[in-house]
Amino acid sequence: MGNAVVTGSGSGIGAAIRERLESEGFEVIGIDLKGAELIADLSGPEGRADAVREALERCGGRLDRLVTCAGLGSNVRPASLVASVNYFGSVEVLDGLFPALQKGQDPAAVAIVSNSAQMAPLDDTPFVAAMLDGNEPEARRIIDEMDSPIVAYLGSKHALGRAVRRRVRSWGDARVRLNGVAPGPVWTPLLEATRDDPATRKEIENIDIPIGRFGQPEDIAAFVSFLLGPEATWMHGSVLFLDGGNDAEIRPDRY
Ligand code: NAD
């Protein structure tokens, strides 16, 4: 069928996406801290550069599908680590593998964002601006000073959605589709850890999803598969919510 790179393939949503793509016949190169073809730490520039270089070697410089899913939850400290993995760990892999995607067959990529990215007024914060400017030391400095993994999580996902949208022309000109998927609460080790953290426990326990259940990793994998596939070839530059109605209930008048 073709080949694909999936970051965060060792657990949760990334593992389900990996399984789904494999079931469709893709040869998947997983990138993760463990349990993947390519073991890499996406929290720093060197680990990301190694991951990109090795992925390019493994795919022979030609890639059909890419999903950046590796991420940390709002329970992780220091806050700067969350920003580094969730924003820079995604954007640098997207940009690093873009040349290979340009040589792929009907190439497409998806970045896994979060529906929480729009739930706080973060548009003009210096933290988000530093990430979008590619200034990782400054972003890390600001967020560690705030000492808020929750803002680090929301802000990094907010910036990532904007990074997807900002690439719409350059990627479109190259005929490489790029979209974001913004899941709501999905039962994975990340969500379980957030629920088990006293700082966020109540918030998670109080979530009431309109459609009546939390998401499962397979819900996200099925939609990502659609977005990457032949039925979605006019879908480009969008950030799509997939959350059982969670965002619509919280922000009914914004979309
Ligand atoms: P998960 O913890 O099950 O999986 C995350 C994966 O990312 C793990 O395999 C982990 O090892 C990997 N990872 C973390 N840090 C890394 C690093 N430095 N280098 C390489 N790999 C690293 O979590 P999940 O819930 O499946 O999350 C996947 C993505 O979905 C994340 O980006 C998360 O923010 C996003 N998301 C999750 C939810 C949810 O409710 N679960 C909701 C919205 C968005």
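Me: Why does Glu 218 count as exposed?

Reply: The relative accessibility of Glu 218 is 52%, and exposed means over 50% relative accessible area, buried under 20% and partly exposed in between (1.4 Å probe, protein chains only). Glu 218 is therefore exposed. The residue is found in helix α10 (residues 217-228); helices (H or I, at least four residues) and strands (E, at least two) are DSSP runs, numbered from the N terminus. This is a predicted model, in which local features need pLDDT of at least 70 and side-chain atom pairs count only at pLDDT 80 or more, while totals for chains, interfaces and linings use all residues. Residues are numbered from 1 along each chain as its sequence is written, and side-chain values use heavy atoms, with hydrogens and water left out.

Me: How far apart are Glu 218 and Lys 157 in sequence and in space?

Reply: Glu 218 and Lys 157 are 61 residues apart in sequence, and their C-alpha atoms are 21 Å apart in space.

Me: What makes α3 and α6 roughly parallel to each other?

Reply: Their axes cross at roughly 15° and come within 8 Å. The axes are lines fitted to C-alpha atoms, for helices over the stretch in contact, and angles run from 0 to 180 degrees between N-to-C directions. Angles under 35 degrees count as roughly parallel, over 145 as roughly antiparallel, 65 to 115 as roughly perpendicular and the rest as oblique; α3 and α6 are therefore roughly parallel. The contact (heavy atoms within 4.5 Å) includes Tyr 87 of α3 and Lys 157 of α6. Its residues divide into 11 nonpolar, three polar and one charged; Ala, Val, Leu, Ile, Met, Phe, Trp, Tyr, Cys and Pro count as nonpolar, Asp, Glu, Lys and Arg as charged, and the others, Gly among them, as polar.

Me: Why are α2 and α3 described as roughly parallel to each other?

Reply: The axes of α2 (residues 45-58) and α3 (residues 79-101) cross at roughly 30° and come within 10 Å. The helices are therefore roughly parallel to each other. Among the residues in contact are Arg 48 and Val 52 of α2, and Phe 88 and Glu 92 of α3. The residues of this contact divide into eight nonpolar, three polar and two charged.

Me: How do you know that the buried residues of α5 are on the same side?

Reply: In α5 (residues 136-146), Glu 136, Ala 139, Ile 142 and Ile 143 are buried. They cover an arc of only 130° around the axis, which puts them on the same side of α5; the arc is that of the directions from the helix axis to the C-beta atoms. In general, an α-helix has 3.6 residues a turn, so residues three or four places apart point the same way. The buried residues of α5 pack against α2, α3, α4 (126-132) and α6 (149-166). On the face turned away from that buried side, α5 carries the exposed residues Pro 137 and Glu 145.

Me: What makes Asp 147 an exposed residue?

Reply: Its relative accessible area is 55%, so Asp 147 counts as exposed. Asp 147 is placed in the loop between α5 and α6. Its phi is near 50°, a positive value in a residue other than glycine.

Me: Why is Asp 106 likewise called exposed?

Reply: Asp 106 has a relative accessible area of 54% and is therefore exposed. This residue lies in the loop between α3 and β5 (108-112), and its phi is near 45°, a positive value in a residue other than glycine.
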